Every structure is written in structure tokens, then in C-alpha cells.
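Q: I'm new to this one and would like to go through it piece by piece. Can we look at it together?
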Amino acid sequence: MNKVQPNANDAVCWHDGPSIRGRQDSFVLQEVSSEKVLKSWKYSLFAHEWLDGDGKILKIDDMMDREQKKRLDVLKRLKNREPLEYAVLGLGLTDHIEIGAGRAIFLTLVAEGYRALPVYIPKSCLKEFKNYLS
């Protein structure tokens with residue numbers, strides 16, 4: 001049975017998080033393919049906290065306690081239709097994608113079936129992100 005893919009723009013109340021406020025002129029809001037982002041992000045030093053060896057998001061019970069709590073908090077906020085902050089993406093040292101602010105939000109929504117998500121990208125990196133846009 002196929003799970004209906006939620007549309008993040010319809011199902012989520014979004015807002016700018018504290019990491020971006022006052023700096024919006026340096027970023028652009030774009031919708032990215034979550035699958036493409038994960039394929040790149042799996043090379044991040046932080047990926048082991050959320051991904052298994054195949055690059056798939058861990059089950060909640062398989063996550064470290066600290067990350068479990070973050071994920072459960074996002075699920076609660078999503079269920080209660082509380083605003084969630086846009087994730088901020090950037091490039092790592094080896095040109096893979098890094099998920100800065102909003103990592104738990106982005107990854108929890110991906111785990112819930114969201115295939116395209118709006119994120120902030122530095123304007124200076126927009127060219128490098130063209131292959132990740134949905």
C-alpha cells in the first residue's frame with residue numbers, strides 16, 4: 001500500500017527560525033527534493049545520528065536519546081499544527097550538503113513521507129544547489 005505523499009506547503013505552518021531572522025537578504029527560499037538532499041547529506045559528520053549505513057532514516061527506537069527527543073518534539077508540533085522553522089542548507093567541506101538549523105525538522109518530515117520541502121539556501125550557493133531543487 002502506497003503512502004500518500006504529503007505536500008509540505010499545505011500541511012505545515014512555516015516560519016523563519018532565529019538563525020535566519022534579520023539575515024533573510026543573504027538567503028533564498030527554495031523547494032528541494034528530500035531524496036536528493038539525503039543522498040548528499042549522508043556524507044555529513046552528523047548523518048550517523050539520523051541515517052543508517054544505507055542512507056535511510058533510522059527508526060525512532062534506533063536513534064540516540066537526544067535525537068529521539070528532537071524527533072518526537074517535531075512530531076508533536078506537527079500534529080498540533082504548530083509552526084515549524086525552515087531548515088537552512090549549505091555546503092560542507094567536501095561539497096556535500098549540510099543541514100544547519102532545522103535539521104530535526106527537515107529529517108523528521110522526510111521520515112514522515114515529505115518528498116519536497118522548502119528550505120533556505122545561501123544566495124552565494126544557489127548555483128551549486130540547482131540539482132537538488134524539486
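Q: Is arginine 81 buried, partly exposed or exposed?
A: In this predicted model, arginine 81 counts as partly exposed, because its relative accessibility is 46%, and the residue is found in the loop between α3 and β3 (84-85).

Q: What about the phi of arginine 81?
A: The phi of arginine 81 is positive, at about 60°, although this residue is not a glycine.

Q: And where does asparagine 80 lie?
A: Asparagine 80 lies in the loop between α3 and β3, and with a relative accessible area of 43% it is partly exposed. The C-alpha atoms of asparagine 80 and alanine 101 are separated by 21 Å, and these two residues are 21 residues apart along the chain.

Q: Why is α4 described as largely enclosed?
A: Helix α4 is largely enclosed by the rest of the structure because 8 of its 9 residues are buried. Among the buried residues of α4 are Arg103, Ile105, Phe106 and Leu109.

Q: What comes after α4?
A: It is followed by glycine 113, whose phi is positive, near 105°.

Q: Next topic, the inside. How many residues are in the largest nonpolar core?
A: The largest nonpolar core has 38 residues, and those with the most contacts inside it are Phe106 and Leu109. Several elements give two or more residues to this core, including β2 (27-33), β4 (87-91) and β6 (116-122), while the largest share, 6 residues, comes from α4.

Q: Now charges. How many salt bridges does a search of the whole structure find?
A: The search finds 5 salt bridges. In one of them, the side chains of lysine 39 and glutamate 35 meet at 3.7 Å, N to O. Both of these residues lie in helix α2, 4 residues apart, which is about one turn of the helix, and lysine 39 is exposed, with a relative accessible area of 53%.

Q: Which parts of the chain does the pair of glutamate 49 and arginine 66 link?
A: The side chains of glutamate 49 and arginine 66 meet in a salt bridge of 2.8 Å, N to O. This pair links distant parts of the chain, with glutamate 49 in the loop between α2 and α3 and arginine 66 in helix α3, 17 residues apart. Glutamate 49 is buried, at 10% relative accessible area, whereas arginine 66 counts as partly exposed at 48%.

Q: And which salt bridge does lysine 70 make?
A: The side chain of lysine 70 meets that of glutamate 67 at 3.2 Å, N to O, and the two residues both lie in helix α3. Lysine 70 counts as partly exposed, at 37% relative accessibility, but glutamate 67 counts as buried, at 2%. Salt bridges that share partners join Glu49, Arg66, Glu67 and Lys70 into one network.

Q: Last one, which residues form the negative surface patch?
A: That patch is formed by Asp52, Asp54, Asp61 and Asp62. Aspartate 62 lies in the loop between α2 (34-41) and α3 (65-79), and it counts as exposed because its relative accessibility is 53%.

Technical notes:
Residues numbered from 1 in each chain as written. Predicted model: local features only at pLDDT ≥ 70, side-chain atom pairs only at ≥ 80, totals over all residues. Heavy atoms only, no water. Patch = residues over 30% accessible without salt bridge, like charges linked within 9 Å, V, L, I, M, F, W, Y side chains within 5 Å. Areas by Shrake-Rupley, 256 points an atom, 1.4 Å probe, with all protein chains shown as cover. Salt bridge = Lys/Arg side-chain N within 4 Å of Asp/Glu carboxyl O. Lys, Arg positive; Asp, Glu negative; His and termini not counted. Charge placed at Lys NZ, Arg CZ, Asp CG, Glu CD. Buried < 20%, exposed > 50% of the residue type's maximum accessible area, 1.4 Å probe, protein only. Core = buried A, V, L, I, M, F, W, Y, C linked by side-chain atoms within 4.5 Å.
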